[in-house]
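I opened my notebook to write down what I looked up, one item after another.

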Amino acid sequence: MSNGQNERREMTGAEMVVQALKDNGVKHIFGYPGGAVLPIYDELFQQDDVEHILVRHEQGAGHAAEGYARSTGKAGVMLVTSGPGATNAVTPLQDALMDSIPLVCITGQVPTSLIGSDAFQECDTVGITRPCTKHNWLVKDVNDLSAIIHEAFHVATTGRPGPVVVDIPKDVQFAKGTYVSPQTAPRTSYKPRVQGDLGQIKAAVELMAKAKKPILYTGGGVVNSGPEASHLLRELVDLTGFPITSTLMGLGCYPASGKNWLGMLGMHGTYEANMAMHDCDVMLCIGARFDDRITGRLDAFAPNSRKIHIDVDPSSINKNVHVDIGILGDVATVLEDMVRLWRATVKADKKALHPWWEQIARWRARDSLAFKTNPDVIMPQYAISRLYELTKDHDTYITTEVGQHQMWAAQYFHFDKPNRWMTSGGLGTMGYGLPAALGVQIAHPDALVIDIAGDASIQMCIQEMSAAIQHDAPIKIFILNNQYMGMVRQWQQLLHGNRLSHSYTEAMPDFVKLAEAYGAHGIRCEKPDELDDAIREMITVRKPVIFDCRVANLANCFPMIPSGKAHNEMLLPDEATDEAVANAIDAKGRELV
Amino acid sequence: MNAQLQPTGSAYFMARETEKPETHTLSVLVDNEPGVLARVIGLFSGRGYNIESLTVSETEHETHLSRITIVTRGTPHVLQQIKHQLERIVPVHRVVDLTVRAQELGQERPLERELALVKVAGTGTDRVEALRLADAFRAHVVDANTEHFIFQITGKSSKIDQFIAIMRPLGLVEICRTGVAAMNRGHQGM
């Protein structure tokens, strides 16, 4: 990058795109060619530094780039053509926006002279993607191109990370102009705040030191802040002795094997985590955003607590829930100050927390994740538990689709490190997991990458099996096949008199034959006593595997906070009789999602 | 549309909103680049906020900065959200809630002015009356023939509302208003 001759030199727009990718440290991009990006594809063809991963659908490119980004901490990059290429990218862009994933999407556009003329494969890309990106640019002058791409990487990866789009008309790709390197490119006004206010941090530490029933509630912001944030979080937990829970997005920041871990909180969180949230007197929220899946009924959310919120995005603070102390800043930077201040000023008396831990122990004893195994049928919870046991000693990364299997994965697969868990949390995108697994595998070629899937979700981006074969990405698709859109069916049971409107997967493909058709390896398992061997086979095979795990069809995902209820009104598995399930949600709750 | 009574994003919000909605004037300093206005307006429509008045123009030509003045209505909580959401937009440099700032300075409201062009057509006594009232409102005649006047009037929005109401029975033909331009009193900049 210190290559002096690159500082300023003449090149075409297409050459600039490739040069800018190199200068921003990009090794892999995910894309699909088309008319309006052909000049860029021509440049990609003539070099070896940036490897292009050809997907089968632009949505797959986006989710693959998200998986790549989430597992590496670097920006994911996708390249698609104009019109349908860009519109197909909308779902992953919104997905990345809601989960704060750094994603740089380069789109081709019709030549500037044709913009606005309803040309072939024209769409208003910046208009369509404006609400689903952190920022976007239409490049009309080739001399602005390199600076805009550098800025795009900067915006995507700093502050609260997110997706950006750079829309490049075809004539700009052909035009010659001056390339500027990232170091010399002019910076705009965008400067996210990193350092937290020391006064606020001090106030937070004082509040925490006096807490009798404290809790740490962490989220995806800890992952985004980088590995140092997870280190500091662990240090803070050790120093304070506080119990800790996490959102779906934050799993792995604090190890699930750690003694202070309460499990995930929220709609399908553990009893101890939700009860502790409800009864706490001081809540420290770190890099999470009080999402409706977390808070349940807002006016009954942690009613007797003082709340502290660390977030890099000022609009997240006091958005859904009023907090007493809001600390605006990067998680790692703020935690560093917080740990230092705690060390310097607080005489740790962990004994004071004994009654609180005793209370938590009573909640834990409720064993809210218990399930009954069945000798004849594989219970989905059992399948995930076995998958965890048999893969935990490998270098394992997990992605998921969206639905019951996703919640079971979050509950029964345990993560000890950040960046190991890729799931679509905010948008809830079915079809995310397979392409995300492809992206993770490209970034970590020797790792064991498993997409825990459902039989409905997997069919939404199944075409990327072909991409996995092409790029020798030995991803494992572990399908919890219950022949239903399980979460839809569960909600129909809860809310709609068990009328299972269109939630049964009719005309199910034969997944084993499907795997073989793609040139992958297919496994089917129907018996609990055959499961371990089948999973071992899946791990051993050095090519993509589709594992059709036939599980109990009508199992429900518990524990659950029914819509419109508070944290202390959970539905636990042993209490969830058919009648209790049918009456769990009242008329008011029915209107909610 | 009463979406501004609810915080955005959560269908679970069931607590009653006890705060009362207020009208505030925001000043937003942005890079004058294509699409910036669409970003600001898209934010308001996408999140269900209200715009009562919106004025935009380049104010600093050298640095390509534009100033957007938005009059919006919401509870204090929603108004704070609007400010923070605006600050997230990449080409937005600065957002100041002029109403809050005025209150901090011990004033009731910021300085808010509007300009309107008001076309009135008529003959006889209506025409004389229109001219007499325009004079009382310190409106200027900027175009006229024997059948019409175009008045230019500046002042607070309430004054312009009043002027328009008075002109209506006197042969009002059309109105064009600039929307509010605003800044805080005193020597300090935004």
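**Chain B first**

I read chain B along its sequence and got the pattern β-α-β-β-α-β-α-β-α-β-β-α-β-β. That is 5 helices and 9 strands. I reminded myself that this is a predicted model.

Next I looked up the extent of chain B. Its C-alpha trace spans about 60 × 45 × 35 Å along the principal axes. Chain B has 190 residues, and 28% of them are buried. I then took the contacts in chain B with a separation of 6 or more. Of these, 73% are between residues 24 or more positions apart.

**Where the chains meet**

How many residues of chain A are in contact with chain B? I found 24 residues of chain A in contact with 22 residues of chain B. On the chain A side, I sorted the residues that touch chain B into 8 nonpolar, 9 polar and 7 charged.

Arg88(B) belongs to helix 2 of chain B, residues 76-88. Leaving out residues up to four places away in sequence, Arg88(B) touches Asp313(A) and Ser315(A). Is Arg88(B) buried or exposed? A residue is buried if 20 or more other C-beta atoms lie within 10 Å of its own. Arg88(B) has 20 C-beta neighbours inside 10 Å, so I put it down as buried.

**Helix 1 and its partners in chain A**

I turned to helix 1 of chain A, residues 13-23, and helix 2 of chain A, residues 38-45. Their axes are 8 Å apart and the packing angle is about 55 degrees. Angles under 35 degrees count as roughly parallel, and 65 to 115 as roughly perpendicular. The pair is therefore oblique. Helix 1 of chain A passes helix 2 of chain A in a right-handed crossing.

Then I took helix 1 of chain A with helix 7 of chain A, residues 142-157. Their axes come within 10 Å and cross at roughly 15 degrees. These two helices are therefore roughly parallel to each other. The crossing of helix 1 and helix 7 of chain A is right-handed. Helix 1 of chain A brings Gly13(A), Met16(A), Val17(A) and Ala20(A) to the contact. Helix 7 of chain A brings Val142(A), Leu145(A), Ser146(A), Ile149(A) and His150(A).

An α-helix has 3.6 residues a turn, so residues three or four places apart point the same way.

**Helix 11 with helix 14**

Helix 11 (residues 227-240) and helix 14 (residues 331-345) of chain A pack at about 25 degrees, with axes 9 Å apart. I noted them as roughly parallel, therefore. Their crossing is left-handed. By class, the contact of helix 11 with helix 14 of chain A has 11 nonpolar, 1 polar and 4 charged residues. Among the residues that meet here are Leu232(A) and Leu236(A) of helix 11, and Leu335(A) and Trp342(A) of helix 14.

**Helix 3: a length check**

Helix 3 of chain A has 15 residues, 58-72. At 1.5 Å a residue, helix 3 should span 21 Å, and its end C-alpha atoms are 21 Å apart, so the two agree. I found 14 of its 15 residues buried. Gly73(A) follows helix 3 of chain A, with a positive phi near 85 degrees.

I looked at Phe290(A), in the loop between strand 12 and helix 13 of chain A. Phe290(A) is not glycine, but its phi is positive, near 50 degrees. With 26 other C-beta atoms within 10 Å, Phe290(A) is buried.

Asn498(A) also has a positive phi, about 60 degrees. Its place is the loop between helix 20 and helix 21 of chain A. Asn498(A) is exposed, with 12 other C-beta atoms within 10 Å.

My last entry was a cis peptide bond. Phe558(A) and Pro559(A) are joined by it, with omega about -5 degrees. Pro559(A) lies in the loop between strand 20 and helix 23 of chain A.

Terms used
Residues numbered from 1 in each chain as written. Chains lettered and ligands numbered in written order. Predicted model: local features only at pLDDT ≥ 70, side-chain atom pairs only at ≥ 80, totals over all residues. Helix = DSSP H or I, 4+ residues; strand = E, 2+ residues; numbered from the N terminus. Expected span 1.5 Å × (residues − 1). Contact = placed C-beta atoms within 7 Å. Nonpolar A, V, L, I, M, F, W, Y, C, P; charged D, E, K, R; others polar. Axes fitted to C-alpha atoms, helices over the stretch in contact; angles between N-to-C directions. Parallel < 35°, antiparallel > 145°, perpendicular 65-115°, else oblique. Left-handed = near helix turned anticlockwise from the far one by under 90°.
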